Amino acid sequence: MAECDEGNVFSMTSPSPATPDSIDGAQPAGSGPAPATEDLRAAIDRTCDQTLARLKELVAIPGIAWPSFDRSPLELSAEAVAALLRASGLDDVQILGCDKPDGTPGGPAVVARRPAEEGQPTILLYAHHDVQPAGDEALWDTEPFAAVEKDGRLYGRGAADDKAGIMAHIAAYAAVSEVLGAELGLGVTFFIEGEEEAGSPTFRPFLEAHREALRADVIVVADSSNWKVGVPALTTSLRGLVDGTIEVQVLEHAVHSGMFGGPVLDAPTLLARLIATLHDDDGNVAIPGLVATDTTSVDFPEADYRADASVLDGVRLAGTGSIASRLWTKPALSIIGFDAPGVDVASNTLLPRARAKFSLRLAPGQSPEEAMEAVRSHVESNAPFGAKVTFTPGESGNPFQTDTSSAAAGLAMWALGEAWGVPAVETGIGGSIPFIADLTELYPDVQILVTGVEDPDSRAHSANESLHLGDFRKAILAEALLLSRLNSGGL
């Protein structure tokens, strides 16, 4: 995100970050005072080179959970994470998994546990070790799976999403263990998933199989982004997701465009006309029945959005309302795939059918089931020229909103502000983390915190993915502060 002045930074957060005293409740039996920020920072600094070296080693492993990729690097990635957790002093470390509905194995997850002492809470630290494929390597300035430091950033696939999340958890735990020593009574569970980038197909059965082992009072999901370099954020809302395919058919088979063209329009043209009905003239999603609100309090300047999203000069932004609401609290629909012959192999033919894949981000408060049915109803009732329209539903995931009044949320806002030296921002994220809905359903009393190490320049899922190393160190400190305050009676 483009730089903004100090006034804007401080006006973007709604309540001021809570102080430690305002968060404390009764002290658990045996707990003591939290360590000083400087003691934790010094412990993190002492192992900084080692943390970075281990992160580079993880980046070098191309662990991709997609079925079309070799599984062995994914298993190697899980083994590497398990070794790091054992080296952190954890004895109960396992690599676990569940089978998919078709009988093939799901991604290997790493679970490591330190039991809580009597009267102490348990915190679960989530991240994922699988990564996106590199994509077109010609678009990369460096080798995708060879971590490279340049201008204060670490480049490589997974450097930010989400192997930095893994190392932030491990380094924060190591710092707290070193500083507190025998006074550390907090229960800590590491849950490092191995199939998040493949849509977490076995996440729910995995949770159900290991429900008690993963039970916690607080869950930290380190898989999100900060507001910008130098300004931390707690993600308090996530959009949900539904996707699927829309197919249009007009002919039984292809015919010569010269002999038959004119009285009937080809399938790609009609599919384009159908896709055009999905938005109104302002670019708002035009599907009836979808939730949309414009209640965000964060100022997101248009110029910043244009710079972050690399919008070309002259392109008018879509939608109405604030930029933040268009990103976080309103639906957004994209066509992410289109099946038709490529230009280089096109012939003078009327194509009988064409198919597109849509991705619809849902506002908080929206039921995925209702949204999927709304899309189906819309496309079937808007079939152009009477074409045959076939709707096939795909994946779905619920939106999420944090209880910002919870003790854990207030503590997290304080810890982020303390680590960065500026107030943290409460933000939404336009993306989705569907498995969070499973966590809230199976553990209804848990307090979930969505944090992260990314920034708007991280380019997760894209070429030249990178991690800002200065903010990475601050993210470690923030989590160490969170752990230490929970240990001393923060809930």
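**Notebook: loops, rings and cores**

I began with serine 310, which sits in the loop between helix 10 (302-309) and helix 11 (323-328). Helices here are DSSP runs of H or I with at least four residues, strands are E runs of at least two, and both are numbered from the N terminus. Before going on, I noted that this is a predicted model: local features need pLDDT of at least 70, side-chain atom pairs count only at pLDDT 80 or more, and totals for chains, interfaces and linings use all residues. Residues are numbered from 1 along each chain as its sequence is written, and side-chain values use heavy atoms, with hydrogens and water left out.

Serine 310 has a positive phi, near 55°, and is not a glycine. Serine 310 is exposed because its relative accessible area is 58%; exposed means over 50%, buried under 20%, and partly exposed in between (1.4 Å probe, protein chains only). Arginine 459 also turned up with a positive phi, of about 55°. I found arginine 459 in the loop between strand 17 (447-454) and strand 18 (466-468). Most residues other than glycine have a negative phi, and most peptide bonds are trans. I then logged a cis peptide bond between aspartate 161 and aspartate 162, with omega about 5°. Aspartate 162 belongs to the loop between strand 5 (153-155) and helix 6 (163-180).

**Threonine 37**

Is threonine 37 buried or exposed? Threonine 37 counts as buried, because its relative accessibility is 13%. I place threonine 37 in helix 3 (residues 37-46). Its side chain makes a polar contact of 2.9 Å with the side chain of glutamate 418. A polar contact is a pair of N or O atoms within 3.5 Å; within protein, one must be able to donate a hydrogen and the other to accept it, and residues adjacent in sequence count only if both atoms are side-chain atoms. Leaving aside neighbours within four places in sequence, threonine 37 is in contact (heavy atoms within 4.5 Å) with Glu418, Leu477 and Leu481.

**Aromatic rings**

I looked up the aromatic pairs and got eleven in the structure. Rings of Phe, Tyr and Trp (its six-membered ring) pair if their centres lie within 6.5 Å; planes under 30 degrees apart are stacked, over 60 edge-to-face, and the rest tilted. Tryptophan 66 and phenylalanine 69 are edge-to-face, because their ring centres are 6.1 Å apart and their planes at 80°. Tyrosine 126 and phenylalanine 191 are edge-to-face too, with centres 5.6 Å apart and planes at 80°. Tyrosine 126 is in strand 3 (residues 122-128) and phenylalanine 191 in strand 6 (residues 187-193), so this pair ties together parts 65 residues apart in sequence. Both tyrosine 126 and phenylalanine 191 are buried. One aromatic cluster takes in Tyr126, Phe191, Phe203, Phe206 and Phe435.

**Cores**

Which residues have the most contacts inside the largest nonpolar core? They are Leu55, Leu85, Ile123, Phe190, Leu449, Leu467 and Phe472, in a core of 67 residues. A nonpolar core is a set of buried Ala, Val, Leu, Ile, Met, Phe, Trp, Tyr and Cys residues joined through side-chain atoms within 4.5 Å. Apart from it lies another core, of 26 residues, including Val248 and Leu290.

**Cysteines**

I searched the whole structure for disulfides (cysteine sulfur pairs within 2.5 Å) and found zero. Cysteine 48 is buried at a relative accessible area of 18%, and cysteine 98 is buried at 14%.
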